[in-house]
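Trainee: Could we go through this model together? I'd like to start with how helices cross, and then move on to other parts.

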Amino acid sequence: MKIDLDSDPRLRQVNEWLTAILPDRDFELKVASSDASFRRYFRVYQHGQSRIVMDAPPEHEDIEAFVRVAEFLAGSGTHVPHIYARNVELGFLLLSDLGTTSYLSALNQDSADRLYQAAIDEIIKMQLAPVSEIELPAYDDEKLLSEMRLFPDWFLERHLSLAVPSDLDSIFELLLDNANSQPQFFVHRDYHSRNLMLGPDNEVGVIDFQDAVIGPATYDLVSLLRDCYVEWPQTKIEQWLDYYYQQAQNQQLMTGIDRSAFVRWFDLMGLQRHLKVLGIFCRLNYRDGKSGYMKDLPLTLKYVLQVTARYPALASLHQFLTQSPKIMAIL
């Protein structure tokens, strides 16, 4: 995509920074991507090689968190972007380029088993990482609850003009108890097909990890397997759940936890995440002008309905959702 330095002051700053730090001025700058935050990414081409520039406005983003987590994960054997240069004051990072092939673009019926097993292996690797060596926030009740409140605030009230069900707080308490009952490990927090890159040697590249926390064991797994951008049959999800569960047992991450308890953790953790995401997608649309995520509401809602239908304690929420014509019209 063509860039315009004249109309973008921060992009001019990026160009000036690269001019100062690269070996010579002979480079080409192109748009790589943007995401749901204020961050943008550009590719820098020079002498037949490409690198990535992260533009993270310091008034909105904390690149020091990215640097801290990147160095921690790299030390634990996870393939993350290497940091070549940084300007914390301006909010710029020069990173290695993990390529253009995301999991989302590489997944198909033939590749899915191999790719998901590799991605699960990375979750195990991250969960074995010594979190005592890095200072990360806890995924505590306050944070989990503030995320879930995005569902009534932005999805029910702002998007659909619906009244909030009176027992929603009790559902939230159930989901908090579920999160707290699990072993607590490193959590990437957005571990899905758009944030995993497939290298030329089939190595899994992990990006967008700057919001990492210490939290529930099943969080990254449910982000991966009940991905809001790609859907798989329940039989495949069960197969990949078994794969994780066996690897976690082997590594003593799930010692003494039977499979039914593990699956309940997984399901209810997914409900917490997907209620949050319904709110986030609507907030991105109405507050931030990013309408592209609205097309992902149906699959996210489908996941919510699957879980609420499965557990008696969630029957009231399932009834509320399914009896609303506005909500069912989304599917």
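Mentor: Let me begin with a term: a crossing is left-handed if the near helix is turned anticlockwise from the far one by less than a right angle, and right-handed if clockwise. Keep in mind throughout that this is a predicted model.

Trainee: OK, so which hand does the crossing of H11 and H12 have?

Mentor: The crossing of H11 and H12 is left-handed. The axes of helix H11 (residues 297–310) and helix H12 (residues 315–322) come within 8 Å, and they cross at roughly 135°, which makes H11 oblique to H12.

Trainee: Which residues make the contact there?

Mentor: From H11 the contact uses Val304, Leu305, Thr308 and Ala309, while H12 brings in Ala315, Leu317, His318, Leu321 and Thr322. Sorted by class, the contact of H11 with H12 has 6 nonpolar and 3 polar residues, with no charged residues.

Trainee: And H6 with H10, at what angle do their axes cross?

Mentor: The axes of helix H6 (residues 150–159) and H10 cross at roughly 55° and come within 7 Å, which makes H6 oblique to H10. The crossing of H6 and H10 is left-handed.

Trainee: What meets what in that pair?

Mentor: On the H6 side there are Leu150, Phe151, Trp154, Phe155, Arg158 and His159, and these meet Leu275, Lys276, Leu278, Gly279, Ile280, Cys282, Arg283 and Tyr286 in H10. By class, the contact of H6 with H10 divides into 9 nonpolar, 2 polar and 3 charged residues.

Trainee: Switching topic: which residues touch the most other members of the largest nonpolar core?

Mentor: That core has 101 residues, and those touching the most other members are Tyr116, Phe155, Leu221, Leu224, Leu225, Tyr244 and Phe262. Helix H10 (residues 259–286) gives the most to this core, with 13 residues. Apart from it lies another core, of 13 residues, including Val14, Leu18, Leu22 and Val53.

Trainee: What is Tyr116 in contact with?

Mentor: If its neighbours within four places in sequence are left aside, Tyr116 is in contact with Tyr103, Leu107, Leu224, Leu225, Val230, Trp232 and Trp240.

Trainee: Last one, is Thr78 buried or exposed?

Mentor: Thr78 is found in the loop between helix H2 (63–75) and strand E4 (83–87). Its relative accessible area is 4%, and because buried means under 20%, Thr78 counts as buried. Again leaving aside neighbours within four places in sequence, Thr78 is in contact with Leu73, Glu122, Lys125, Met126 and Val206.

Terms used: Residues are numbered from 1 along each chain as its sequence is written. This is a predicted model: local features need pLDDT of at least 70, side-chain atom pairs count only at pLDDT 80 or more; totals for chains, interfaces and linings use all residues. Side-chain values use heavy atoms; hydrogens and water are left out. A nonpolar core is a set of buried Ala, Val, Leu, Ile, Met, Phe, Trp, Tyr and Cys residues joined through side-chain atoms within 4.5 Å. Buried means under 20% relative accessible area, exposed over 50%, partly exposed in between (1.4 Å probe, protein chains only). Helices (H or I, at least four residues) and strands (E, at least two) are DSSP runs, numbered from the N terminus. Contact means heavy atoms within 4.5 Å. Axes are lines fitted to C-alpha atoms, for helices over the stretch in contact, and angles run from 0 to 180 degrees between N-to-C directions. Angles under 35 degrees count as roughly parallel, over 145 as roughly antiparallel, 65 to 115 as roughly perpendicular and the rest as oblique. Ala, Val, Leu, Ile, Met, Phe, Trp, Tyr, Cys and Pro count as nonpolar, Asp, Glu, Lys and Arg as charged, and the others, Gly among them, as polar.
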